[in-house]
Amino acid sequence: MGGLRNGNGEGWSPEERRQQQLEQLQVSCNRAYRSVPFYRNRFQALGLSPQDITSLEDLRRLPFTERRHFIEHYPYGLFAVPLRDIVRIHTAPGAAGGLTVSGYTARDLRVWKDMVARALRAAGVSADDILQIVLHPGLANWGRDYKDGAEALQAGVIPLNALHISKQILVLRDYKTSVLVTTPSSAIQLQELLFAADINPNELSLKTLILVGEPAEPAVRRAIEEYLHVTTWQHYGLSEVPGPAVAYECGAHEGLHVAEDHFAVEVLNPETQEPVAEGESGELVLTSLTIQAFPLIRFRTGDLVRVVGRPCPCGRTLLRVEWLPQRVDDLMVIQGVKIQKDQVAVRVAQTVGFAPQRLSVHLVQQGGYKALEVRLGMEEALFSDEIKELEHLVRKTAFELRQEFGVPVEVRLLEGPSVSAPATALDRKSPARL
């Protein structure tokens, strides 16, 4: 325990942690109230001021922050520091075709580097390792954070790059990568391509997989570990916070330790907004404690978690959660990228030139990974006597969606009254897969 107490907050006593969190919460609320009109107006509407926050329990008196608020205050409306103090700006797709923007101060970047380094250290990463980052372009910001965190441990780093996944396998083998940071979906793809290329996992130096972006179910993790002869470690993060390693696994692999020295944690019933009992699942709600540029107060993540109440064998006293695959909201998560159905509908309408009346969006399984499937019902505006024209439209729509979100996409034209029905023989003749 003593080693954990030195400077990083992993081994604080409950009393120390509560006192530290309260002090940081008061500072964060003051910063948000003073510098962000959105928060000040919401505080005042409830008759609250930062001086009313005198205990951690008072956090429940504050209003929630939701994803829609990022769009409503695009681009810089939620920033709490002058733009001259912002050293990195991160952009991600938002609802209804909009964008969400978040930023870092130089201090924020240092804090995040330390957080990522701590999470990697918990997975046994050291200066003896070569760490390779294979992430979706939408998680490029995370790629930089993992590079910085690994370099802080003096590990060798192969940064995020634009190489096709088949080329990543050659790098994995030839560069003697020992640690891979990727999503569960990409890990499955790598595994499949590795075997297809007749490369035995014993030829690799790989020993550690850091899985990010989406929860990996136990059966998936066991399969990856068995086929690749590695140990997997789960990390949790959010693009809105913004960054990875908000929670991480230790060697006990009994839940993810949440960085409570940087975030106040609530697990709430999504219907009543009341705290759930220990062992029950609920929505993870986070309040930033140390972020300067982009403070978040009671951010509803949409992620479903369950608190692990028993003490951790590793000695860390940080709260642990089990990250569940279900979500509270209707966001679809593919390769760590969060996609809203209305985002897809907007992009389809832009491509075909009108808003289709019969459109449905689904997640489908393609082999070991997920893909986005868009089903378009045949209607007069789409009708053409030329099959080639229809096929071109389908392929163009799939291409545009692939460019927008960077995930596997399939677009189907469906006849009949329901676009939720299984594909017909006609549909199977003209799908577009990218």
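1. Lining of the largest pocket. By class, the residues lining the largest pocket of this predicted model comprise 18 nonpolar, 4 polar and 10 charged. The lining amounts to 32 residues, and those nearest the centre of the pocket are Arg18, Glu260, Val265, Val307 and Leu319. The space in this pocket is about 920 Å³.

2. Three elements, α1, β10 and β12, each contribute at least two residues to the lining of the largest pocket. Strand β10 gives the most, with 5 residues.

3. Sheet architecture. The model contains an open sheet of 11 strands with mixed pairing, and the strand order is β4-β3-β5-β6-β7-β8-β9-β13-β12-β11-β10. From one strand to the next, the twist averages 40°. In general terms, the strands of a sheet pair through backbone hydrogen bonds, in either a parallel or an antiparallel manner.

4. As for an individual bridge, leucine 286 has phenylalanine 299 in β12 as its partner.

5. Helices lying across strands. Helix α4 (residues 106–122) lies across β3 (130–133), β6 (208–211), β7 (231–238), β8 (243–249) and β10, and its angle to β8 is about 30°. Helix α8 (residues 218–228) lies across β6, β7 and β8, with an angle of about 135° to β7.

6. The α1 and α2 crossing. On the α1 side the contact involves Cys29, Ala32, Tyr33, Arg34 and Ser35, which meet Pro37, Tyr39, Arg40, Phe43 and Gln44 of α2. By class, this contact has 6 nonpolar, 2 polar and 2 charged residues.

7. The largest cavity. How many cavities of 30 Å³ or more does the model hold? The count comes to 2. The largest cavity has a volume of about 50 Å³. Its lining consists of Leu172, Leu180, Ala187, Leu190, Gln191, Leu194, Leu204, Leu206, Leu209 and Leu228, which divide into 9 nonpolar, 1 polar and no charged residues. Helix α7 (residues 184–196) provides the largest share of this lining, 4 residues.

8. The second largest cavity. About 30 Å³ of space lies in the second largest cavity. Phe70, His73, Tyr74, Pro75, Leu78, Val101 and Phe294 form its lining. By class, the lining of this second cavity divides into 6 nonpolar, 1 polar and no charged residues.

9. A cis peptide bond. Which residues does a cis peptide bond join? The bond lies between tyrosine 74 and proline 75, with omega at about -5°. Proline 75 belongs to the loop between α3 (67–72) and β1 (88–93). Tyr74 and Pro75 are also among the residues that line the second largest cavity.

10. A positive phi. Histidine 253 is not a glycine, yet its phi is positive, at about 55°. Histidine 253 sits in the loop between β8 and β9 (256–258).

Methods
Residues are numbered from 1 along each chain as its sequence is written. This is a predicted model: local features need pLDDT of at least 70, side-chain atom pairs count only at pLDDT 80 or more; totals for chains, interfaces and linings use all residues. Side-chain values use heavy atoms; hydrogens and water are left out. On a 1 Å grid over the protein atoms alone, a cavity is a set of points where a 1.4 Å probe fits but cannot get out, and a pocket is an open set with protein on both sides within 12 Å along at least five of seven lines; lining residues have an atom within 4 Å of a point. Grid points are joined across faces, edges and corners, and a volume is the space filled by probe spheres set on the points. Ala, Val, Leu, Ile, Met, Phe, Trp, Tyr, Cys and Pro count as nonpolar, Asp, Glu, Lys and Arg as charged, and the others, Gly among them, as polar. Contact means heavy atoms within 4.5 Å. Two strands pair if DSSP finds at least two bridges between them. Axes are lines fitted to C-alpha atoms, for helices over the stretch in contact, and angles run from 0 to 180 degrees between N-to-C directions.
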